[in-house]
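Let's read a structure together, one feature at a time. Have the view open and follow along.

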Amino acid sequence: MIGGGVPARELLIAEPIGARRDFLQERYEVTVTDDNSAVTGACNAILLCIKPQTCNQALQDIKRTVRQDQLFISIMAGIKIEAIENSLGGAPRVVRVMPNTSALVMEGASALCAGSHATAADLSLARHIFDMVGKSWTVEEKLLDAVTGLSGSGPAYVLTFIEALSDAGVKNGLTREAATGLAAQTVFGTAKLLLETREHPAVLRDKVTSPGGTTIAGLAALEKEGFRNAAIAAVDAATARSMELGKK
């Protein structure tokens with residue numbers, strides 16, 4: 001079973017690199033091919049995991065085998081649904097997804113939007129697939145640039161924060177192993193607490209912030225150094241860059 005619910009024998013994967021095909025077949029026991037059109041000729045739901053710069057040729061290659069009863073789920077960054085629909089021709093059912101790298105450990109954050117020809121059932125199926133590797137949300141396509149800036153690029157921001165916490169721990173006498181472990185588990189546990197309680201971050205923060213204590217001293221330092229504004233600026237910059245790339 002792949003992702004906890006999909007039989008490997010039901011998956012057909014097109015991969016141009018021979019060594020990668022061998023790895024996928026051996027590791028996951030799926031069927032692999034080097035022919036993109038073989039996938040569209042045999043499958044009802046097709047996940048488009050194509051590099052944006054090569055998507056035009058790939059979509060043209062499969063165009064002749066596209067059927068009206070198929071669903072195309074795209075994770076191609078910056079490639080709009082309308083462009084995919086136009087490339088495939090007819091009235092293809094398309095759902096666009098922006099996942100993030102945490103899906104590798106089944107804790108991904110994904111945002112989805114449906115094309116003009118996709119059905120509610122199509123969107124539901126796509127969400128089911130990405131919920132198997134994390135959690136998903138539906139948004140309007142115009143908001144996917146903001147999703148890219150927030151959760152798509154977000155793991156890099158979080159890793160930088162964890163690295164900084166670890167460095168601070170080492171500076172104050174902890175071993176690197178202990179400092180990094182404590183920092184990573186603190187971020188992981190806090191995120192889990194937030195998701196499970198569904199309380200506002202400020203409410204949970206106040207519960208660990210005692211008057212005159214260590215936490216408020218640390219928070220005051222974060223505010224002085226512009227931590228909050230820096231985080232907002234990072235998302236703004238990544239969102240703007242995503243918009244730029246989408247226009248190319």
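Q: What is the volume of the second largest pocket?
A: Rolling a probe the size of a water molecule over the atoms shows where empty space is left. Here, in a predicted model, the second largest pocket has a volume of about 2,200 Å³. A pocket is an open set of points on a 1 Å grid over the protein atoms alone, where a 1.4 Å probe fits, with protein on both sides within 12 Å along at least five of seven lines. The volume is the space filled by probe spheres set on the points.

Q: In what order do the five strands of the open sheet come?
A: Strands of a sheet pair through backbone hydrogen bonds, either parallel or antiparallel. In this model the order is β3-β4-β5-β6-β7, with mixed pairing (two strands pair if DSSP finds at least two bridges between them; strands are E runs of at least two residues, helices H or I runs of at least four). β3 and β7 stand at the edges with a single partner strand each, so one side of each has no neighbour in the sheet. β3 and β4 pair in the parallel sense over four bridges, and L48 has S74 in β4 as its bridge partner.

Q: At what angle do the axes of α6 and α7 cross?
A: Two packed helices are described by the angle between their axes and the distance between the axes. The axes of α6 and α7 cross at roughly 25° and come within 5 Å. α6 and α7 are therefore roughly parallel (angles under 35 degrees).

Q: How are residues numbered and which atoms count?
A: Numbering starts from 1 along each chain as its sequence is written. Side-chain values use heavy atoms, without hydrogens and water, and local features need pLDDT of at least 70.

Technical notes: Predicted model: local features only at pLDDT ≥ 70, side-chain atom pairs only at ≥ 80, totals over all residues. Axes fitted to C-alpha atoms, helices over the stretch in contact; angles between N-to-C directions. Parallel < 35°, antiparallel > 145°, perpendicular 65-115°, else oblique. 1 Å grid on protein atoms, 1.4 Å probe; cavity = no way out; pocket = protein on both sides within 12 Å on 5 of 7 lines; lining within 4 Å.
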